[in-house]
Amino acid sequence: MSGNWLRRNRWGLVLVVPAMVLALALPVHDAYGQFWKTAPRTAVTQGSSGWVAYDDATMRLTALTSVTHLTGFSDEAIAVPSGLEIFIASIEFQSTSPSKLVGCNMSMEDSTGATYATDMDIVSDLGVDVTFPSCTPDSIGKPPATWTAKVYFVAPAGARPVAVRIVIGKLLPKYARLTSR
Amino acid sequence: MTLDEAPVRNHRRALLADTPWGRRLKAAATAAAIIATLAVGSAITSHTPDDDAMQQPFIRTGAIGSTVDSRTFDVKLLGVRGAAQITQDDTVHDTSGVWILVRVRLTAFRNPTTVGYGVLRDEHGRTYRATARIDQFLLSARTLEPGIPVTGELAFEVPVSVATGLSIRLGANELDQRMDALAQIRLPVTAAQVRQWRAEKTAATVATAEANG
């Protein structure tokens, strides 16, 4: 390799370094972007009205309370097992196109950041008359102006819930974070 | 070398390159450089792990009674029993091998999770999936909530010849375990126990999943 060759190709050699950096960085950046969109990471919070605007709907948390007894299919009282705490969240929705909320995912967030799913296993194992958790109205036909979803969450005794999260898959990484006012 | 000698040396090099021997020497040097590059490349690729090796799951081991961390949940092996027949929903399932019923306690860490992957692994590395002949209450269908232990049994059907050298492996993802953490716990099973299980006439009832709080 002569000095002439180096002189002739000096700019090419200088440009090889940033070209290699770009060639390696772009796929990593793209892959990281795809990974970022797979989980709820960006909270959409409530405005001054107390409602959270998320996609074509608005929603708010009206109650998130711990219960000591639940009701079975024959209206009998069912005690909450020791070591567990069951919370019922009431969430109000408003939307002119509620079908967009089909398939939403609801979870409860506690003060440590842990999240809990709308647990059907534990609650239904207890014999509680529980409906499938859904963000859409029960009625068929023209949607009501406002409707309420009642959702059960199970957490270890002593958990302190702080919010309910609502996720629509196509909107990830954004999610609605509903807190009590 | 002084500054005055440099042009003389470059001139000699130019003269050498123009001769037949010089051209042969240059070609031989180029070939040697290519062969050396290929040899180094080959040495690097043969001494570094391939994709399969690099993407192996991370195995976290433990013993009966200990808690093993599997990234999104932890596992505690509570016990193991066996049978020649098992029953669920009034249906009896027999086997030409032996049923292994593994009692575990599973606890999710920070987010709801499911345990999708459950196998027994023998001493030769062969794996036996949890049987699909009955409902497995702990696998996939059951959501684990953070901090709430769920206890139950997993049922496996294995040949008698491997029953004394098994470990249970549990992970979150049913289909893809690459680079994921798997909990692995050795099952303390003796040959005498296997013989006793095979001789047992009563079908064993597989325990359902139960949240313990």
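Guide: Let's start with a rule: two strands count as paired if DSSP finds at least two bridges between them. The strands themselves are DSSP runs (E, at least two residues), helices are runs of H or I with at least four residues, and both are numbered from the N terminus. Keep in mind that this is a predicted model, where local features need pLDDT of at least 70, side-chain atom pairs count only at pLDDT 80 or more, and totals for chains, interfaces and linings use all residues. Residues are numbered from 1 along each chain as its sequence is written, chains are lettered from A and ligands numbered from 1 in the order in which they are written, and side-chain values use heavy atoms, with hydrogens and water left out.

Now for the sheets. One open sheet of chain A has 4 strands in the order β2-β3-β6-β9, with antiparallel pairing. Its edges are β2 (52–54) and β9 of chain A, each pairing on one side only. On average, neighbouring strands here are turned by 35° against each other, direction ignored; the axes behind such angles are lines fitted to C-alpha atoms (for helices, over the stretch in contact), and angles run from 0 to 180 degrees between N-to-C directions. Inside this sheet, β3 (residues 57–67) and β6 (residues 84–95) of chain A run antiparallel over 10 bridges. Look for Ala57(A), whose bridge partner in β6(A) is Ser95(A).

Chain A has another open sheet, made of 5 strands in the order β1-β11-β10-β7-β8, and here the pairing is mixed. The twist from one strand to the next averages 35°. Strand β7 (residues 105–110) of chain A pairs with β8(A) in the antiparallel sense over 3 bridges, and Met108(A) has Tyr116(A) as its bridge partner in β8(A).

Arg165(A) lies in β10 of chain A and Glu109(A) in β7 of chain A, so the pair ties together parts that are 56 residues apart in sequence. By the rule, a salt bridge puts a side-chain nitrogen of Lys or Arg within 4 Å of a carboxyl oxygen of Asp or Glu.

Two loops deserve a peek. Most residues other than glycine have a negative phi, and most peptide bonds are trans. Yet the bond from Leu172(A) to Pro173(A) is cis, with omega near 10°, and Pro173(A) sits in the loop between β10 (161–167) and β11 (174–178) of chain A. Asp75(A) has a positive phi, near 65°, in the loop between β4 (69–71) and β5 (77–79) of chain A.

Finally, the neighbour. In chain A, 16 residues are in contact with 14 residues of chain B, where contact means heavy atoms within 4.5 Å. The rule finds 1 salt bridge across this interface: the side chains of Asp125(A) and Arg142(B) meet at 3.2 Å, N to O. On chain A's side, the elements giving two or more residues are β8 (115–117), α3 (120–125) and β9 (147–156).
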